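Here's a quick briefing on how one chain is put together and how it meets a neighbour. Have a look at the model, then read on.

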Amino acid sequence: MSHPVELRLSGSGGQGLQFSARVLAEALLRDGRTVAQSQSYEPTSRGGVSRSDLVVSDGDIDYPLVTGLDYLVILDEVAAEFPPTLLKPTATLLVDESRVQTRVAGPWTIRSSPFAEIARALGNERAGNIVALGTLLALSSLCSSASVAAALAAETPPKFLDLNSEAFDAGWRLVQPTPAAEAAHARA
Amino acid sequence: MAAEGIDEFDIRDYLRTELMPHFMCPGCGHGIALRALLWAVHEERIAKDRLAIVTGIGCSGRVGGYIDANTFHVTHGRPLTFATGLALARPDLEVVVITGDGDCLAIGGNHLIHACRRNLRMTCLMLNNEIYGMTGGQVSPTTSEARLTTTTPYGNAEPTFDACGLATAAGAGLVGRGMTLQTVALKNLIREALAYRGFSFVEILSDCTEIFGRKNDLGSSPEMILRQKGSMRPDFYGNTVEHPFRPNNLTTGIIARNERPEYGDTYRSEVLAPHGHGGAAAGVSAPVE
Amino acid sequence: MGEGQRINLQGNHACALGAIAAGCRFYAGYPITPSSDVAERMALELPKVGGVFIQMEDEIASMGAIIGASMGGAKVMTATSGPGFSLKQENLGYACMVEVPCVIVDVMRGGPSTGMPTRPAQGDIMQARWGTHGDHPIVVLAPSSVSEAFSETIRAFNIAETLRTPVVLLYDEVVGHLVETVQVPDPGSIARAERKWATGPREAFQPYAATDDDIPAMARPGDGYRCHATGLTHGERGLPTQNPAEVERAMQRLLGKLERHRDVIDRFETFAAEDAEILVVAIGITARAAKRAVAEARRQGIAAGLFRPVTLWPFPEQPFHALAEQAKAILVPEMNAGQLSLEIERLSGRPAKVARINRLSGEPIEPAEILKIIEELARHGR
């Protein structure tokens, strides 16, 4: 990875965006990457726009905030509005179609899936963030499945670990993983 | 009149005599309070090296500087906050706060109620002379109604604080009131406060003759001191005392006891001990003996 | 940072861990966004090393408590944000006057008043220097990364203990809440400075004696010195004085002591600055945006450079002078209405060549914005 990769996980406060960002950052750390994770939040803990950004690099990160997103995940209608100039033209968007009504359009690769609904079918709608994380990692080749599994185990409270593992797998199976991601998965 | 088995009390053993003459006005009650404290320290056999005096700003704040001990003259109203840090970091010290009615009840009122609530071991002596003396005689939270001060030229219209009632309600472990009129009783009260394992609060009725007394035509110093047992104090000083020194309409002596755990002990047993630390807190190496 | 552990760490947590590593064993604080993570981490970590954490009734009390604990001999810290920092200023002045080592963290948010609690700003640059009344010595360090939040906290303790002075650790909300992959060194590898304690016979000891290095030894309660500490102007014996000659001598030593120890205090980073015609000066997250902008400008052939004061106060004047001299223009981007730029204008010798970018919206200044002004300065000069 020569250039830093930039990601944003956005949605509504309480959807576990900080949690999934922490899991992802932990997995990337295990893979030997360098990450910078920042967040923006409203004074209200629940319901307001919440987002967590990651800059991923193989070396030092000069500026740790996002300036050109490669990936944008939108998990709730409150986060459907975003500054288009923040996205690279080649960016990929993941939109939770079960919670976002606004039709997101633009020059990017846009992929809609019912993350929250899938999570609800698994027993808890609040695992939608992890379903989306599975899809995100299947589409990208950001980190190995082994590191994600280890990070999930390290960060998840024991009673939710089965749920989160299932949610991640469900997200992963939603797409045809890229060859690089598949290879990383196989190595795990 | 030495206590059993110890040398007779000589106040000069506890003073920085090189600082004499002191700054207090003739007739000021604070010197009597200072003597009572040092007498109590002597009888409690507290080593001067282990004695830490923390004072605020005002006439009461200047009293500490004359004591031959570890003395800290801090900011206005905040001595209890400094003392809290000192007592938690150094549980081996005997921490005594000397404060005034303005320092303790006005600008420092919030710190007083929380020190009472916490019940960390220290002794707080509040010298109540009903006035801001050092700044020239302004009204304080304990100035009796109708009294003249430089900021109540038509008489004080505000009601007063009952400091002991406040300390009791806030949960102070030991609450008492003494007077400069009764020096032996005051000394014994301070002894109880020093020996108490928790937060002890002692209000000491002192007198400002030079400013408050003159302004209100209260007569000479002896007259003002004698007035302490009379009717000059508000009605809420009722006669409900546990061990009255003598009958009068002031509640003196021990006013309240709230038997509660001492905060430092609780912190060490509940928070530090489970991590294998129970003794000295705050990583401060033991002082050289 | 050498051997140790590679982890993802938040800026505020890095500050707390740096404090523990530096030997901090007493913390008093009061909840305030965006600094509360420091208190929460200290509450978790201090008992593990036998230290004391206490949440006080207000910001004033927490400042009083750390000074009291430090006078008892502990290494101490408190953390807050702008509104709380304002409340601490009175007791901070006491610590300056009595020369009590302590570390005060100010995680800057939008102000004035309650402002924007969850948004970053850099509006306390002047409060950190001049917040308390009267002339006073103070050291202010300005980390710009999580790694520096750790290492500069350690340096803050070492400076505070060595020079008997309060040290303010000043960073914006972005640095406070940022999580970065960092190398945390082994605790054993960290150099800790210890305070100079009073030794020798009591009779000869003067708590504020002018020593070789202008840093008086401190008397620890219980060690037998029985000294007096007061916020009143005091002479060498520690006792109040209004004798003009004695006051003059005492104040000259107090105000001059930091200047004598610039070698311990000064720290700065330069990037492509040696031959810079356009010199950018910035701190905190803004400095990191500036670094990227400078790198991009260099790729375009513009002779841009960065000067980042890591020690903000006293400002590293000497190293800055030479660079400022050669620069045709100086650019000061900052998240306030113009505070650092005042000092840069003063030090530049020619205020007219100092350009500003000021941001009050609660959003960080981006690299592209700084680059744009660098390009303009390169084209049209200043």
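Chain C of this predicted model splits into domain 1 (5–189) and domain 2 (267–380), with bounds taken from an automatic or database domain assignment. The C-alpha centres of those two domains of chain C sit 26 Å apart. Their contact draws on 23 residues of domain 1 of chain C and 19 residues of domain 2 of chain C, where two residues count as in contact if their C-beta atoms, placed from the backbone, lie within 7 Å.

**Domain 1 side of the contact in chain C**

- On the side of domain 1 that touches domain 2, at least two residues each come from strand S6 (116–120), helix H5 (125–130), strand S7 (139–141), strand S8 (166–172) and helix H7 (173–177) of chain C; helices (H or I, at least four residues) and strands (E, at least two) are DSSP runs, numbered from the N terminus.
- Which element gives the most to that side of domain 1 of chain C? H5(C) does, with four residues.
- By class, that side of domain 1 of chain C has 15 nonpolar, four polar and four charged residues. Here Ala, Val, Leu, Ile, Met, Phe, Trp, Tyr, Cys and Pro count as nonpolar, Asp, Glu, Lys and Arg as charged, and the others, Gly among them, as polar.

**Where chain A meets chain C**

- This contact takes 17 residues from chain A and 18 residues from chain C.
- On the chain A side, helix H1 (17–30) and strand S2 (34–41) of chain A are the elements giving two or more residues.
- S2(A) gives the most to that side, with seven residues.
- Nine nonpolar, five polar and three charged residues make up the side of chain A that touches chain C.
- S2(A) and strand S9 (residues 179–184) of chain C run antiparallel and are joined by two bridges; strands pair if DSSP finds at least two bridges between them.
- Gln37(A) stands opposite Val179(C) in S9(C).

**Annotation on chain B**

- UniProt, in an unreviewed entry, places "domain: Thiamine pyrophosphate enzyme TPP-binding" at residues 58–204 of chain B; positions use the numbering here, feature names are shortened, and annotations may be inferred rather than shown by experiment.
- Over residues 58–204, chain B is 36% helix and 23% strand, and the end C-alpha atoms are 15 Å apart.

**Confidence and bookkeeping**

- Chain C averages a pLDDT of 96, and 99% of its residues score at least 70; pLDDT is the predictor's confidence in each residue, from 0 to 100.
- The model scores ipTM 0.97 and pTM 0.95.
- Residues are numbered from 1 along each chain as its sequence is written, while chains are lettered from A and ligands numbered from 1 in the order in which they are written.
- Since this is a predicted model, local features need pLDDT of at least 70 and side-chain atom pairs count only at pLDDT 80 or more, but totals for chains, interfaces and linings use all residues.
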